[in-house]
Amino acid sequence: MVAGLLLGGFYAAVSLGVSLIFGLLDIANIAQPAFLIAGSYAAYVLNSAYGVDPIVVGVALTPLFYLIGAGVYRVYYATFERRGDESLRGLVFFFGLLFIIEVSLSMRFGVDYRMAQAGYVGKSIDLGGGVGIAYRYLVPCLVGLAMTLTLYVFLGRTFYGRAIMAVSQDQGALRLMGANPIHIKTIAFGIGIAAASLAGALLVTIAPVIPSTDRDYIGRMFAITVLGGMGSIGGTLVAAVILGVAETLMATFFGPSWSLAVSFGILLLALAVRPAGLFGR
Amino acid sequence: MTRMGWSVLVGVAVIAGGIGLAGLRVNPYVYFAGYVILQYVVIATAWNILGGYAGYVNFGTPAFFALGAYTAVFLIRSVKAPLPVLIVAGGLVAALLGLGIGYLTLRLRGTFFSIATLALSVVLQTMIINWEYVGGSRGISVLRPSGPPFGSYVTFLFTVMVALAVVAVLVARFIERSWIGRGLAALRDNEEAAECMGVPTLRLKLFATTVSGFFLGVAGAPFPYYVTFVEPNSAFALDYAVNALAMPMIGGTTSWVGPVIGAVLLGTASQVATVTISSELNLLIVGVVLVAFVVLAPEGLLGLTRRLRGR
């Protein structure tokens, strides 16, 4: 149960990017989990080469991934959104991108499991009665919560954050107000990708990663985003905790091979029964 | 009716040609590779009935393919059913799943539908992994029945696949030219408008998902005999999802010729790349080609030639 809650905090970090890009910008970026794993590998490489803390690496690399994300959006905009056929072909574009990143990673690093090392990995706080909290889970959870809070404040309080909210509601109106929606969307997309890369750094401290791990996270990310209500940051956190607890319980009672089915099952259910999510508008 | 008669005749001729080809005693690897390419002709054509004609992008190709394959495994283990039964049964079970996702389209359009099919694939894979009777996560080996009707078993499977590909393409061509194809095109361009004009959108969508699912299952049914060892990771490989998408996109999605061209080109290219370079590089090529085509030539090769001829 505690493990599930902690996992939920981490899942929130994983899903924030999707919540921003898919929920608010309405861009179905299927390649998001590939950026997550790319972040994992970036953190792993710097961690194993120089012994830098993986999460510090993750934070340090966010500007780089921000630029990559902004670049990807520019390509997407120029080729699909301007022509007006973004939904079908854009989806295929991101699917291809997911594939390219995954295969490139497996060609470069092979399919061995990789994991980052840090001082706190392997230690835990003892709560007594045989119940302990591993730092390995606690630290990513706290970082995830911090990310959620930061994004929440950013969207609600700052100029650019409010502009992102505005662009999700009415692009034309934003243009009339004198702001450039493309510019705003580029920023939002970049932030989404940067969030994914940071979450990737968390992931590589929690569990070993192989290039095809991204497939497990497609379902989790989109399940959480849809369940939380498209684009609602608070809803994302709640949905992430629900999923984390559900997966942990499933793994405890039925074995770990079933836990993956939980997220996809919840996703299918949410899509079929209530596509607006728990906190949808 | 005569036009349809002609196309059936051409189909029969192709099948006869396939049998003739199986009689030639060339390197057995040719049949091995040829089987895979033909299998992709079936998959790409089946995908295109839903994705190209109706505009619903299905990421769950592996689910249908593997369902066909695992139905076959189940029937081989339980009653030792002959190959034709396997193909029909595999197709029917997958068609049932197709009907199911057809009802999903009631609530889910566009992106949401695609994500749901992707989720479906993973849920199904988890169920297979936990089902010991068909091998679970370790996989199961399948014995080919002794004494195929002619040639070696691989050449026999090759001809079977030629026939399946011909049937799939003929059905797709028939759908495209009939009122069903026009109705699907109408709902692809604007579902609300089509509904308002009296197009029975739900029935058409259910038809498209069912037929598409049927042929994806059919493509998977002979798979156990082809590889003789079935395990979830190979049956549910993401390659099928990417290829099923990439082939029609490269060829052109609006006509039955498109998926065939795409499957033959990309299928041959990846067979050559797998042999000469490496299988991972081959997947990378598929991904890059897919993205390049979507960005640069969204209408596929067919659209490209049409545009060049037009000017």
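In the loop between helix H10 (223–227) and strand E2 (229–230) of chain B sits B:Thr228. This is a predicted model, and in it B:Thr228 has a positive phi of about 60° although it is not a glycine.

B:Lys80, which is not a glycine either, has a positive phi of about 50°. You will find B:Lys80 in the loop that runs between helix H3 (61–79) and helix H4 (83–104) of chain B.

Now let's step back and take in chain B as a whole. Its secondary structure comes to 15 helices and two strands. The radius of gyration of chain B is 19 Å, close to the 19 Å that the globule rule gives for 311 residues, so chain B is as compact as a globular protein of that length. Taken along the principal axes, the box filled by its C-alpha atoms is roughly 55 × 45 × 45 Å. Of the 311 residues in chain B, 50% are buried. If you look at the contacts in chain B with a separation of 6 or more, 79% of them join residues 24 or more positions apart.

The largest nonpolar core has 201 residues, and B:Val42 and B:Ile43 are the ones that touch the most other members. Helix H8 (residues 181–206) of chain A gives this core its largest share, 15 residues. As general background, nonpolar side chains tend to be buried together in soluble globular proteins. Which residues does B:Val42 touch, leaving aside those up to four places away in sequence? They are B:Leu164, B:Ala165 and B:Ala168, along with B:Phe215, B:Val218 and B:Ala219.

Finally, let's visit the place where the chains meet. The contact takes 33 residues from chain A and 34 residues from chain B. On the side of chain A that touches chain B, helix H4 (86–109), helix H9 (214–227) and helix H11 (259–273) of chain A each supply at least two residues. The largest share of that side, 15 residues, comes from H4(A). Sorted by class, the side of chain A that touches chain B has 22 nonpolar, eight polar and three charged residues.

Note on methods
Residues are numbered from 1 along each chain as its sequence is written. Chains are lettered from A and ligands numbered from 1 in the order in which they are written. This is a predicted model: local features need pLDDT of at least 70, side-chain atom pairs count only at pLDDT 80 or more; totals for chains, interfaces and linings use all residues. Helices (H or I, at least four residues) and strands (E, at least two) are DSSP runs, numbered from the N terminus. The radius of gyration is taken over C-alpha atoms; the globule rule is 2.2 Å times the number of residues to the power 0.38. A residue is buried if 20 or more other C-beta atoms lie within 10 Å of its own, exposed if 12 or fewer, and partly exposed in between; C-beta atoms are placed from the backbone. Two residues are in contact if their C-beta atoms, placed from the backbone, lie within 7 Å. A nonpolar core is a set of buried Ala, Val, Leu, Ile, Met, Phe, Trp, Tyr and Cys residues joined through C-beta atoms within 7 Å. Ala, Val, Leu, Ile, Met, Phe, Trp, Tyr, Cys and Pro count as nonpolar, Asp, Glu, Lys and Arg as charged, and the others, Gly among them, as polar.
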